[in-house]
Amino acid sequence: MKKDFGAKPYIYPMPVLIISTYNDDGTVNAMNAAWGSVCDYKKISIIIDKKHKTTENITKRKAFTVSIADVQHITEADYLGIVSGNDVSNKVEKAGLHCIKSKFVNAPLIEEFPLTLECNLISYDEQTERVIGEVVNVAIDESILTDDKIDLSKFSPITYDSMNHEYVALGKKVGKAFSDGKKLE
């Protein structure tokens, strides 16, 4: 029997996204966000409150990067989510993270996170607080690749469990997409 919980945003798994931008003084700002997804082949959508420093930076610079947080950097990723860039302008530095400038957009890449989407801003809707970004490049550290594909035995992305306020590592392979369902044909 199913139990009703009312209207809640319980979608599982929910990725832990690290959104990075430049501040006005050229320093790096980054935040932890969970409400994001692919919305087209070369577009992503993320809900970001208009009060965030990241939102201000994205709308000014028209660019941002989105990294997928991993098990190895849970502490740093969580710190980026609990400390506001409006209060601590050097929080990326305080987290011990290192950045380089993207070759494709006016935004930083955090070197410690092995998978990053480099995006130009398509739109930001203040009413819905929805950012839509055009993915212009995906930068993947070779350490998580096998035959030029992401190898989840080498990369341990984390998800956010919004009901329990916990980070969870993705588990083992359990099936083959576009194949297992053929058993029912």
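**A colleague's note on this predicted model**

1. Let us start with the rings: the structure holds one aromatic pair. Tyrosine 160 and tyrosine 167 have ring centres 6.2 Å apart and planes at 55 degrees, so the pair is tilted. (Rings of Phe, Tyr and Trp, the last by its six-membered ring, pair if their centres lie within 6.5 Å; planes under 30 degrees apart count as stacked, over 60 as edge-to-face and the rest as tilted.) Tyrosine 167 is partly exposed, at 27% relative accessibility. For burial, the scale is: buried under 20% relative accessible area, exposed over 50%, partly exposed in between, with a 1.4 Å probe and protein chains only.

2. A word on reading the model. This is a predicted model, in which local features need pLDDT of at least 70 and side-chain atom pairs count only at pLDDT 80 or more, while totals for chains, interfaces and linings use all residues. Residues are numbered from 1 along each chain as its sequence is written, and side-chain values use heavy atoms, with hydrogens and water left out.

3. Next come the charged pairs. The structure holds five salt bridges, each a side-chain nitrogen of Lys or Arg within 4 Å of a carboxyl oxygen of Asp or Glu. Lysine 60 forms one with aspartate 24, with the closest N and O atoms 2.8 Å apart. That pair links distant parts of the chain, 36 residues apart: lysine 60 sits in helix H1 (residues 53–61), and aspartate 24 in the loop between strand S1 (17–22) and strand S2 (28–33). Helices (H or I, at least four residues) and strands (E, at least two) are DSSP runs, numbered from the N terminus.

4. Lysine 60 also forms a salt bridge with glutamate 56, at 3.1 Å between the closest N and O atoms. Both residues lie in helix H1, four residues apart, about one turn of the helix. Lysine 60 is partly exposed at 46%, and glutamate 56 is partly exposed at 29%. A network of salt bridges links Asp24, Lys53, Glu56, Lys60 and Arg61.

5. What is the relative accessible area of threonine 54, and is this residue buried or exposed? Threonine 54 is buried, with a value of 2%, and its place is in helix H1. Leaving out residues up to four places away in sequence, threonine 54 touches Ile19, Thr21, Asn29, Ala30 and Met31; contact here means heavy atoms within 4.5 Å.

6. On to the nonpolar cores, which are sets of buried Ala, Val, Leu, Ile, Met, Phe, Trp, Tyr and Cys residues joined through side-chain atoms within 4.5 Å. The largest has 20 residues, of which Ile19, Ile44, Ile46, Ile48, Phe64 and Val66 touch the most other members. S1, S2, strand S4 (43–47), strand S5 (63–68), strand S8 (115–125) and strand S9 (130–140) each give two or more residues to this core, and S8 gives the most, with five. A second, separate core of 17 residues includes Ala95, Leu97, Phe113 and Tyr160.

7. Finally, the largest pocket has a volume of about 440 Å³. (On a 1 Å grid over the protein atoms alone, a pocket is an open set of points where a 1.4 Å probe fits, with protein on both sides within 12 Å along at least five of seven lines; lining residues have an atom within 4 Å of a point. Points are joined across faces, edges and corners, and a volume is the space filled by probe spheres set on them.) Among its 26 lining residues, Met31, Asn32, Ala33, Ala34 and Gly81 are the closest to its centre. The largest share of the lining, five residues, comes from S2.
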